Amino acid sequence: MTAAKMTAPRARTLGELLELPGYAGRTPFDGKIRLVQDEVRENLTRKLRSGEELFPGVVGYDDTVIPQLVNALLARQNFILLGLRGQAKSRILRAITELLDDVVPVIEGVDMPDDPINPIGAEGKHLLEVHGMELPIRWLPRADRYVEKLATPDVTVADLIGDVDPIKAARLGTSLGDTRSMHFGLLPRANRGIFAINELADLAPKVQVAMFNILQEGDVQIKGYPIRLELDVMLVFSANPEDYTARGKIVTPLKDRIGSEIRTHYPTDVRLGMGITAQEAVKDDAVTVPGFMAELIEEIAFQAREDGRVDKMSGVSQRLPISLLEVAAANAERRSLIGGDDAVVRVSDVYAGLPAITGKMELEYEGELKGADNVAKEVIRKAAGAVYGRLCGSMDTQALEKWFEDGNVFRFPQSGDSGAAMKATKEVPGLSDIAAEVADSNSDAVRVSAAEFVLEGLYGRKKLSRAEELYAAPEPETRQQRGGRWN
């Protein structure tokens, strides 16, 4: 165990620090500098050898993003994650803090975290010269070594790097060009840690250039004064692909010096998406979400990403199924509290969650003309048809379809207990039997949910028509398009 990983004893002065294992024998300004990238690499190497999970909670990237990320970290590179919204970019950046040591020593009483053995700041160097081995130190936990900034066009060089403080200069008796007269911004305060910038392209070009200079050259000009800071910072970024943003772009010198460009993506499989949604969604344990309903909710996001009326460049965030599952579960709970029945998510609860869908989709011109609610309802229909095809495609529904073809209609019960609703479904030939097979449960509430799912699935496959909760035979034009056959 290295000294930086130790939690006890905690040295309080430089002299005590140099007596700890791992520091013994070292002297101030000995030039032995362990950079943040070295620290991350060492801890990553240890985790890889021991088989530990590297990024808990990051699902679906095991064969794509994570290997590229590991390569960049082993190579001690800064990197950028490029991807559409809702692709876990921020989660990945924050997870890298787990690759830092538990604690590291820094000089007490300075604005910028500074190594007590090899300080880089003028204030830290001065304190070391004054106090020597009695230099007070504190231990910085890994959680405090991560600084994140959301880039916006109004962010200034002063915000990120810092600004000259005339009052501080007058109090210290220094010139304005002295780093001791500087009020530090976020980047210097992230020294000895990780500095993350989200949506990098939104930063003004001059701010990007200033950030590049301070990291690569160690200097920057602030109000005409050259300031030199050789920071020890691991810099990580996230952004939408350049072609997908009209707000700005990453300046070429900065982009050229970012070590790795790693592309993120949405889940490639519905099952992976379901795992992410179940992990992130917040719902009451008293609410039951049948497997077929969880798959339907996830399929809605997949269908929306393929819909021509939805803007592909904006993407459909993974937050859509997460929010939809939460709202659908809440509606099921509300229905349960009013009616006193078991809380089980049904298709009607998904329609009640339309606000969770419409707010997550940017529409093309055709979609705007159609209306967000109408587009969302059609996406639900397509999703129901797709999931029904996977789960029930081989089931015999001819008797059920014939019953509707004969002119019968069925209004799915939305109130009352599930026992009464299950009894009502027996009116439709074969529906209760199919629902029992889909539900794979003896619970009436789950079987009612399955029955509504079956009808919605047939509607999604254009074998039925639907008006609110009323199911009927398909419209005449739909039959004509299908050649008059129910298939």
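In this predicted model, α9 (205-216), β10 (233-239) and α10 (252-257) each supply at least two residues of the lining of the second largest cavity. That cavity is one of two cavities of 30 Å³ or more that the structure holds. Rolling a probe the size of a water molecule over the atoms shows where empty space is left.

**Second largest cavity**

- The second largest cavity contains about 60 Å³ of space.
- Its lining consists of Asn78, Phe212, Leu215, Gln216, Leu235, Phe237, Leu254, Arg257 and Ile258.
- Helix α9 contributes the largest share of this lining, with three residues.
- By class, the residues lining the second largest cavity are six nonpolar, two polar and one charged.

**Largest cavity**

- The space in the largest cavity amounts to about 90 Å³.
- Val110, Asp111, Met112 and Asp114 are among the residues that line the largest cavity, as are Gly121, Ala122, Glu123 and Gly124.
- Lys168, Thr179, Arg180 and Phe184 also belong to the lining of the largest cavity.
- Three residues of this lining come from helix α5 (residues 122-131), which provides the largest share.
- The lining of the largest cavity comprises five charged, four nonpolar and three polar residues.

**Composition of the two linings**

- Charged residues number five in the lining of the largest cavity, whereas the lining of the second largest cavity has one charged residue.
- Nonpolar residues number four in the lining of the largest cavity and six in that of the second largest cavity.

Methods
Residues numbered from 1 in each chain as written. Predicted model: local features only at pLDDT ≥ 70, side-chain atom pairs only at ≥ 80, totals over all residues. Heavy atoms only, no water. 1 Å grid on protein atoms, 1.4 Å probe; cavity = no way out; pocket = protein on both sides within 12 Å on 5 of 7 lines; lining within 4 Å. Points joined across faces, edges and corners; volume = space filled by probe spheres on them. Helix = DSSP H or I, 4+ residues; strand = E, 2+ residues; numbered from the N terminus. Nonpolar A, V, L, I, M, F, W, Y, C, P; charged D, E, K, R; others polar.
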